[in-house]
Structure formats: structure tokens, C-alpha cells
Amino acid sequence: MIRLPLVLTFSAVLFSTGVYGVLARRNAVLVLMSIELMLNAVNINLVAFSQHLQQVTGQVFALFVIAVAAAEVGIGLAIVILIYRNRETINVDEVNLLKW
Amino acid sequence: MSSQEIAFVIVAVAGTIGAFRVVTARNVVHAALYLVVTLSSTGVVYLLLAAEFVAWVQILIYVGAIVILFLFGLMLTKAPIGREALDNQRRGVAFLVGLAVFGGLFYLLQDAFPWTASDVEPVQGSASSIGTSIFADFVLPFEAVSFLLLAALIGAVVLSRKDDAP
């Protein structure tokens with residue numbers, strides 16, 4: 001079997017890359033992609049611990065996280081497209097008003 | 001190192017390079033395609049961890065559906081190309097925060113889990129065992145997720161309607 005800290009290190013790398021992407025990117029779609037990276041890191045952790053603890057519960061949780069991520073991307077992209085239609089930009093730096 | 005671990009390291013390096021390119025690429029479509037590399041390598045990691053059902057769901061949902069959704073989002077918003085258009089001015093601070101997050105996580109997991117070889121027998125994440133677990137122990141969360149997906153579907157349709165009438 002693969003040793004647990006090896007898998008957890010990979011997932012930590014993915015998570016911190018996602019954190020960097022969320023902070024450094026201006027384009028809202030790229031911010032959503034970085035959030036997907038972070039959710040993937042969490043899923044890897046869940047599956048790795050499900051193997052470590054010999055239970056399938058972690059894998060069931062990973063499936064739930066995938067479903068929630070799909071819903072989040074759908075709504076997130078709908079909001080991004082709506083912002084683009086109203087403001088002609090999707091730079092998150094420039095979208096700084098709650099109205100107008 | 002066992003052969004499984006060597007395969008894991010190769011796949012993990014590919015996934016890491018893909019993830020770095022996702023957050024640094026200057027072309028948004030390239031970023032989406034590098035995201036495919038990272039998500040596929042995550043799927044292979046699930047296979048190496050003997051979680052086959054989660055692996056195929058990962059390939060189907062993420063690589064099949066979510067990346068296509070991202071590509072449609074990029075197409076409909078006409079994203080510009082170039083570093084200044086895609087990154088903000090706080091890259092250095094963001095890099096430091098990312099490095100600090102990785103350092104903290106790495107320190108904690110070094111502290112918590114030893115690098116000794118585990119001899120646990122892998123639990124088979126087949127569709128039947130996961131289905132049994134979902135419909136025996138997690139029926140209410142399963143229904144909640146289906147309701148969430150319905151709400152997301154209706155919400156996306158309502159948000160992206162073109163007419164002005166409420």
C-alpha cells in the first residue's frame with residue numbers, strides 16, 4: 001500500500017496551489033478552477049483516510065463532495081455569466097459593489 | 001518503495017505540474033486543459049488507492065462535465081489573454097500565503113503520521129460496497145444532495161434567463 005503521509009503531501013501541494021490561485025487570479029472563472037483544485041485535495045484526503053481506517057465511509061463522503069462541487073460550479077458559472085452580461089468584465093478586482 | 005508508491009509519485013508529479021500550470025497559465029483555455037491533467041491524475045490516484053468507483057465518478061463528473069462547463073464559461077465571457085489581465089498585483093503575497101499554508105500542513109502531517117510502511121489490507125471501494133454504505137447509513141444525506149442538485153439546476157436556469165421580467 002501507499003504510505004499515508006505521501007498521499008497527504010500530494011494533497012497539501014494541491015491545496016496550497018489552489019489557495020495561491022484563488023488569491024492571485026483576477027479572472028473569476030480561473031478563481032473557480034482554483035477552488036476545484038482545493039476540493040480535489042480534500043477528496044484525496046478523504047479517500048486516503050478511508051483506506052487508512054479500513055472503512056468506505058470516506059469514499060462516500062468524497063462522492064458527496066463531488067456532487068456539491070458540481071452544483072457549486074454550475075451556480076458559480078451562472079453568476080459569472082450574469083456579472084459579465086451586466087458589467088462587461090469578470091475581473092474580481094473590479095466587481096466591488098453589491099448593487100449597480 | 002513499493003511499485004505502487006513509484007507509480008503514485010509519477011502520477012503525483014504530473015498532477016502537481018498541471019496544478020502549477022493551472023494557476024500560472026497566461027491563456028485561460030490552456031489553464032482549463034491543464035486542469036484536465038490534474039483531475040485525471042487525481043482519478044489515477046484514486047485507482048491506486050483501490051477506490052475504483054470514486055475514480056470513475058471523478059473521470060465522469062470532473063473531466064467529463066465540469067471542465068466542459070468551464071470551457072463554456074470561458075467561451076461566453078470572452079476572457080482576455082495575458083498575465084496582467086489574468087493575475088492581480090498581489091502575486092508575491094499570494095505566493096507567500098500559499099507557501100505558508102503548505103508549510104503548516106506539511107509540518108502538521110509530519111507530526112501526526114509516521115512514515116512507516118502500513119500493512120493494512122486495502123478496502124475495496126467497489127460500486128456495490130459504496131452503494132450499500134450509502135443506502136444503509138447515508139440515506140438522508142443522499143436525499144439532501146439530490147435536492148441540492150435540483151436547487152442548483154433551477155437556480156442556474158433562473159440566473160441565466162435573458163428576459164427582464166421578474
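Good morning. The structure above is a predicted model, in which local features need pLDDT of at least 70 and side-chain atom pairs count only at pLDDT 80 or more, while totals for chains, interfaces and linings use all residues. Residues are numbered from 1 along each chain as its sequence is written, and chains are lettered from A and ligands numbered from 1 in the order in which they are written.

Let me turn to confidence. The model scores ipTM 0.90 and pTM 0.90. Where pLDDT is low, the predicted coordinates should not be read in detail.

To return to A136(B), its place is in helix 6 of chain B, residues 127-137. Helices (H or I, at least four residues) and strands (E, at least two) are DSSP runs, numbered from the N terminus. Between A136(B) and W115(B), 21 residues apart along the chain, the C-alpha atoms are separated by 35 Å.

Next, chain A. Chain A has three helices and zero strands, in the order α-α-α from the N terminus on. Its radius of gyration is 17 Å, well over the 13 Å that the globule rule gives for 100 residues, so chain A is more spread out than a compact globule. That radius is taken over C-alpha atoms, and the rule is 2.2 Å times the number of residues to the power 0.38. Along the principal axes, the C-alpha atoms of chain A fill a box of roughly 55 × 25 × 15 Å. Of the 100 residues in chain A, 58% are buried.

Consider the helices in turn. In helix 1 of chain A, 17 of the 21 residues are buried, so this helix is largely enclosed by the rest of the structure. One of its residues is L4(A), which counts as buried because it has 21 C-beta neighbours inside 10 Å.

Helix 2 of chain A holds S50(A), which is buried because 25 C-beta neighbours lie inside 10 Å. Two residues are in contact if their C-beta atoms, placed from the backbone, lie within 7 Å. Leaving aside neighbours within four places in sequence, the contacts of S50(A) include Q55(A), T57(A) and V123(B).

Helix 3 of chain A has 31 residues and reaches 44 Å from its first C-alpha to its last, close to the 45 Å expected at 1.5 Å a residue. The expected span is 1.5 Å times one less than the number of residues. Just after this helix, E88(A) takes a positive phi of about 65°.

Finally, how many residues of chain A are in contact with chain B? The number is 62, and they meet 72 residues of chain B. Helix 3 of chain A gives the most to this side of chain A, with 21 residues. The residues of this side divide into 42 nonpolar, 15 polar and five charged. Here Ala, Val, Leu, Ile, Met, Phe, Trp, Tyr, Cys and Pro count as nonpolar, Asp, Glu, Lys and Arg as charged, and the others, Gly among them, as polar.

How values were computed
A residue is buried if 20 or more other C-beta atoms lie within 10 Å of its own, exposed if 12 or fewer, and partly exposed in between; C-beta atoms are placed from the backbone.
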